[in-house]
Amino acid sequence: MIKYIIKRILYAIPILIGVNILTFTLFFVVNSPDEIARLHLGNKRVTQEQIISWNEERGYNNPLFYNNSEIGLKVFKKTIFYEKSFKLFLFDFGLSDSGRDIKYDIKQRMWPSLAIALPSLFVGLFINITFALFFVFFRFTYVDYFGVILCVALMSVSSLFYIIGGQYLISKLLHLVPISGYTQGLDAIKFLILPTIISVIYSIGSGTRWYRSLFLEEIEKDYVKTARSKGLSEVTVLFHHVFRNALIPILTGVVVILPLLFLGSLIVESFFGIPGLGSYTIDAIQSQDFAIVRAMVFLGSILYIFGLILTDISYTLVDPRVSLK
Amino acid sequence: MFVYLLTDIFFYLIIISLLIYILYVRRTPDMLRTWSYVFKNKTGIISIVVLSFFMLIAFFDSIHVKKKILNNDTNQFIYSNDIQSLLDIILLPTYENFEKSYSSPFSSKLYSKETIKLKDGSEKRIYPGLAYKGNHNKYSKNISANLVITAILSLVKSFIIFLFFYLIIFYRTLYERKNNIFYNFKNNNILCITFYILLFIFLLLYDLSTQYYVLGTDKVGVDVLYKSIKSIRTGILIGTLTTIVMLPFAIFLGIFAGFIGGIVDDIIQYIYTTLNSIPSVLLIASAILILQVHMANNPLNFENIYERADLRLFFLCMILGLTSWTGLCRLLRGESMKLREVEFVQASQTFGLNKFSIIIRHIIPNIMHIVIITVVLDFSALVLAEAVLSYVNIGVDPTTYSWGNMINDARLEMSREPVVWWSLFSAFLFMFILVLFANLFADVVRDAFDPRASKKYE
Amino acid sequence: MLKLFKYAFIVLFLLLEGCADKPLNSPYSSLKNKNVFYSSFQERPKHLDPARSYSSNEYAFIAQIYEPLFQYHYLEKPYKLIPLTAERMPVVKYLDKNFVETNKSNNISYTKYIVNIKKGIMYQDHPAFYKKNGQFIYHNLSKNQLKKINSLKDFTHESTRELIAKDYVYQIKRLSDKKNHSPIAGVMQEYIYGFSEYRKKLTDYKDNNYKNNQNYIIDNDIAGIKVINRYSFSIILKKQYPQFIYWLAMPFFSPMPWEADIFYGQEPLKEKNITLNWYPVGTGPFKLTENNPNLRMVLEKNKNFRGEVYPSLLDKINNGKLISKNKDLVVPFIEKAIYSLEKEQIPRWNKFLQGYYDNSGIASDNYDQAVSLDKSGDISLTEDLKDKGIHLATATAASTYYIGFNMLDSVIGGSNDRARLLRQALTIAIDYDEYISIFANGRGILAQSPIPPGIFGYQDGTKEYNHTVFQNKNNLVIKKSIKEAKILLKKAGYKDGIDERTGKPLILYFEATGSGADTYAFLNWLRKQFKKINIQLVTRVTDYNRFQEKMINGTGQIFQWGWNADYPDPENFLFLLYSKNGKVKFGGENASNYSNYEFDKLFLKMKNMENSDNRENIIKEMLKIIQYDCPWIWGFHPKSFSLSHEWFENVESNLMANNTLKYNKINDNIRSEKIKIWNKANFTLMYILLVLLVSFIISVLVMIKKKDEEKVL
């Protein structure tokens, strides 16, 4: 088991190197630092001196891969690649283009993101599974048929409508919760209710359909038929056999996305003014802060790979028949 | 003079490949049988008609012309800077004139009060009347009577046109080939009814928009209905172009990886796992961000905004394709690995057929169903993604008509008092219809191609 | 039943709220502290270091904290400078080549400012000042000491110190230091004697140790700046530059205690985002106590603030008596100011309407909802907002937007009659009134010249007006007609837009920037304007950088640009047309590269004058020249609106002053009452949903039971 985990982690390294090289090419080779500097300084008359000092301040003045002017190991260390890309492996994200420490900001902003993402995930899970069981219970009848159509309809609405509409109705017309904002501590709940409800509603369409098909697949298996032939009631069959056996794919599906919850939701967070990592990313994109975007890309891929490893492990834990090689 | 924008050319390519595919299906009995399932399905036939209607609009919107203008004073012809599409020319009554600002649907007045100087020199705050529409009831002075008459007239007009089509096209293709398995009697009715309803809606809207702003006007007085219709092209392009552009990559890399195996497999697997491990939103965002900087720093001196906006749309599709490519590639790899072990492939290998012709003859036809299911499923997700990207300002150019841009503008309108709801509503409506039918279509297609997953209703 | 639901909901929400007396949708955790000002900020400020900060959203904070020598009088118009930390306005002396005082105007080579500051001004409490046994204990922090420190609050000891002249001098040295990236270093280099040499000296002295570096700065002086004694210092300028006093009123020239600079320079503090860029140290009425640019910024009253009396105004009607609403009251009134980050416009506007923000600017989209034009053409609030007790303050910004002609262009430029007539015709043809109503939502004033209202020499278009575009008919100044523009065009040799010399139609080029949705509409509009006199306009859209390049190379033809004043003096506008500021030749701000000998001569004369009738006459003369020459199409001066609730008192529109928070007052009785009325929660929808949910669950249960029984049977 431990051997397997170590193997997986080792396997993740070349992938992370790939991500790193990809982002490096994207951010430094496609556009030279000079061009990025010019973009940031765009509003005033840009002199070469300004560009140099802008780059110097952010450490973009070094050569890309090989520094001729240094000696020894510094030949490689005093380069953009080492300073900006390699250091990501050490979780040293450096300063953002606006001069703040990225690691510090990420640590701070992680919690509000989780505060929305976790409740949304679990409430959503509960509701989706309930609905799915309900549809499966009435499978191939009109209840099921219209249920599925309703799910498709819910899926066809852009998330932006749910947010704009929900905010308008609940906060502006009914005055039930604050329109936007966030605060620390227990008081944050009033800010989190609406975004959570909206995320849950948004996930109902696709979620219910997904679990419905999971259950349907399970229900056609032989053991279910046997159980039913034993004269067990449909409810018992559904809960005791179908649901239990479908738990494995459900659990592993959840485990994959768990780490990614840290990244938060881009749109919801920025609409509701919640200072999480999602709105952090959006802000960085809008203000073209490349250092932050770079850091987030790297963090995102680490979390994704971490999620994959977790899934594999959880497979073995839940289902001993799966052996890890 | 015709103008060919980059995305136009690709859109024509899509249409052509669609036609080729249809020809291919008609000649292959297996495929014909699968597709006939889609056509026999009620939901399937309705969504096909609706989607082809949208496609038709997008097609008309993809034929661009520069107009010749006669300069009255010089008697010389010059080409105007404006690029118009065929759709613009058809829809001329809906957009040729701008009002000053917001007006609500079917209204005859602006949405906000203005100070107007009266003839006697005094000033008064009133809702000013609209300059071009809303006050010209064609058939009756009473608005509701006028609406009813317009509706009845469109009903009649559309019926006449429908009959014409019915007799010429439907009759020939549907009834002369009764034994064609594509068609059965029951579905012909549904097909005809859907077609008739769409025709009626189109004619009704057309007639109404010569008299009213059916969906109101926006901040600078542009007809919202016009904007929504123009956005169809953007939506459809993003939904189709994206997958089409990246399809060759996904298919060939996927097949190579699965069929040849070995080190090729390792490399291709490595590439797509790496790409896959970056959360797609971040990948899209950073790629588009970088591209924007690149375009800003190396302006490819475009004389007009259209070409610039068009290029951005094209690149957006490319980048979106980059992220959706990996999933399909992985599926195809798995499938071709399975196929490699199948008897007839093994057999042809022993007969000494070279690998390339095996791929062409045996592998590709047998993985097409996965490709089609993916393309159809991705379509609606991409249309929805466009709106979100535009919200983050990394979507299409702000000058491009798109639902995402409309929603973006609507955020401000929703904070007005009284609320300007119609922009958001129209974007919602159009997007919803397109995505809903695309989703329904995707469901039917999946059922048809993937019998294992098909759960037919009893 | 309904009642039961209601109670259930209220209990539920009460549990969440923990406090019953405030509305459910209140974004604040506690409204107990009455004397708090609530507002929002749109973008997190990038720099709070006064040497660097140069944008209004940053000034909103640091101007309340740092105090330069002078400030703008809050109430007086036109804008007037008064002492802030200075004892009085500076003594200005003119020196000749040998630094000897002189009175002859042709002899002047240098100007010397002598400034005295008030005694006994104290800084806010700050750990950088804290000494133990005569030693600054926080100036040598070790990593160990920093373990528990995450923000400035975590330092246990604080202290203060008196403001001295040296602090101002130190800040000027900081401006010259390259590593501080001050945006005005370039300008100051031109004026302050010894500034550029000092800048070079600092660059040459490169010590990797931060402290050595700072000590070097403390020990070495700029040649032109001398500390005279503890409370006074002098600055020598390389030339005459009366407008320098306006710079001295900007946050760039705030005092900076060297202790703070040393303190914040410590490397381990930077990792915790504790830097001078985020935590200001000032003598002003407020200090920054919470700095979380991701969420909120909180200013609190500075206990050490010396106090300032609310300004009064000389009443011209009542025999020159001083009048003041808040006579003899000491500012600041507000205890605490909470600024919340609010990126989205919808929440910001709605929260303002709900009473959770005390003031708000108007977004263009909320404009016609909020504001209406009344009979006399004045702008006032709509009835809805008036009923809410909201006040409107309007002010015309000290800025101008114009369409410029490149005077180096062979067709449209130059001082020959042909080009001038063409320019005059275009000036008449383009209807900026329409532009203002379409694109600026009416928020602008038609410009007669580059000088905006509120600035000395402004022409309001009634008595004094632009004779090229307007004419006086029956005592009414009205715009000339298109016919007259066509006549001018014919005179220029372009009858009906056809070049008589070549017989081809005249085509002009407009350099446009931006890709916003409005750009497209604007270009269409502009093309229509040119069409009025049969001239074809081709628009070339590029991005801003490329546009800049075209301007620098002088390859553009027609363009639109704007200018925001640095200080309220006509010099700051007229220099935009001074030939020595030509963009192509000198890299200055004269983008149309206008050059006129007469104008230049008058400009140099006007530049160094105090505001007087004589100066006004010269300015009139200058305006006449440019109005005839038309290097620009005089566009408009934008207006800014701001709204505030009735409980937010003492709001005056003053676009030059930034440090106005200290004058504002909050009447919390009205506020809490209104907020309660405006934010009554409405539970109807919740009841309906609940009823639906319950009935749905019941029917589902019934159905399941029924079906299950069927199966079993």
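In this predicted model, B:R33 is exposed, and B:D30 is exposed as well. The two residues form a salt bridge whose closest N and O atoms are 3.3 Å apart. Both belong to helix α2 (residues 29–40) of chain B, where they lie three residues apart, about one turn of the helix.

B:K230 pairs with B:D88, with the closest N and O atoms 3.0 Å apart. B:K230 lies in helix α8 (residues 224–260) of chain B and B:D88 in helix α4 (residues 86–90) of chain B, a separation of 142 residues. Because buried means under 20% relative accessible area, B:K230 counts as buried at 10% relative accessibility, and B:D88 is buried at 4%.

In chain C, C:D569 forms a salt bridge with C:R615, the closest N and O atoms being 3.1 Å apart. This pair also links distant parts of its chain: C:D569 is in the loop between β27 (558–564) and α18 (571–574) of chain C, whereas C:R615 is in helix α21 (residues 613–629) of chain C, 46 residues away. C:D569 counts as buried at 5% relative accessibility, and C:R615 is buried with a relative accessible area of 0%.

| Residue | Partner | Closest N and O atoms |
|---|---|---|
| B:R33 | B:D30 | 3.3 Å |
| B:K230 | B:D88 | 3.0 Å |
| C:D569 | C:R615 | 3.1 Å |
| A:R209 | B:D443 | 2.7 Å |

A search of the whole structure finds 41 salt bridges over all chains. Side chains of opposite charge can pair when their charged atoms come close.

The interface of chain A and chain B is considered next. One salt bridge is found across this interface. A:R209 forms a salt bridge with B:D443, the closest N and O atoms lying 2.7 Å apart. A:R209 and B:D443 also belong, with B:R446, to a network of salt bridges. Four residue pairs are in polar contact across the interface of chain A and chain B, both residues being at pLDDT 80 or more. On the side of chain A that touches chain B, the elements giving two or more residues include α1 (2–29), α7 (142–155), α9 (189–219) and α14 (290–318) of chain A. The residues of that side comprise 35 nonpolar, 11 polar and seven charged.

The contact draws 53 residues from chain A and 52 residues from chain B. The area buried between the two chains is about 4600 Å², and carbon and sulfur atoms give 73% of this area. In chain A, the residues that lose the most area to chain B are A:F140, A:F161 and A:I285, which together account for 14% of what that side buries.

C:D49 is placed in the loop between β1 (36–41) and α2 (56–65) of chain C. C:D49 counts as buried, at 6% relative accessibility. The side chain of C:D49 reaches the backbone nitrogen of C:A51 at 3.0 Å. Apart from neighbours within four places in sequence, C:D49 is in contact with C:R174, C:L276 and C:N277.

Terms used: Residues are numbered from 1 along each chain as its sequence is written. Chains are lettered from A and ligands numbered from 1 in the order in which they are written. This is a predicted model: local features need pLDDT of at least 70, side-chain atom pairs count only at pLDDT 80 or more; totals for chains, interfaces and linings use all residues. Side-chain values use heavy atoms; hydrogens and water are left out. Contact means heavy atoms within 4.5 Å. Buried area is the accessible area (1.4 Å probe) that two parts lose on being put together, summed over both. A salt bridge is a side-chain nitrogen of Lys or Arg within 4 Å of a carboxyl oxygen of Asp or Glu. A polar contact is a pair of N or O atoms within 3.5 Å; within protein, one must be able to donate a hydrogen and the other to accept it, and residues adjacent in sequence count only if both atoms are side-chain atoms. Helices (H or I, at least four residues) and strands (E, at least two) are DSSP runs, numbered from the N terminus. Ala, Val, Leu, Ile, Met, Phe, Trp, Tyr, Cys and Pro count as nonpolar, Asp, Glu, Lys and Arg as charged, and the others, Gly among them, as polar. Buried means under 20% relative accessible area, exposed over 50%, partly exposed in between (1.4 Å probe, protein chains only).
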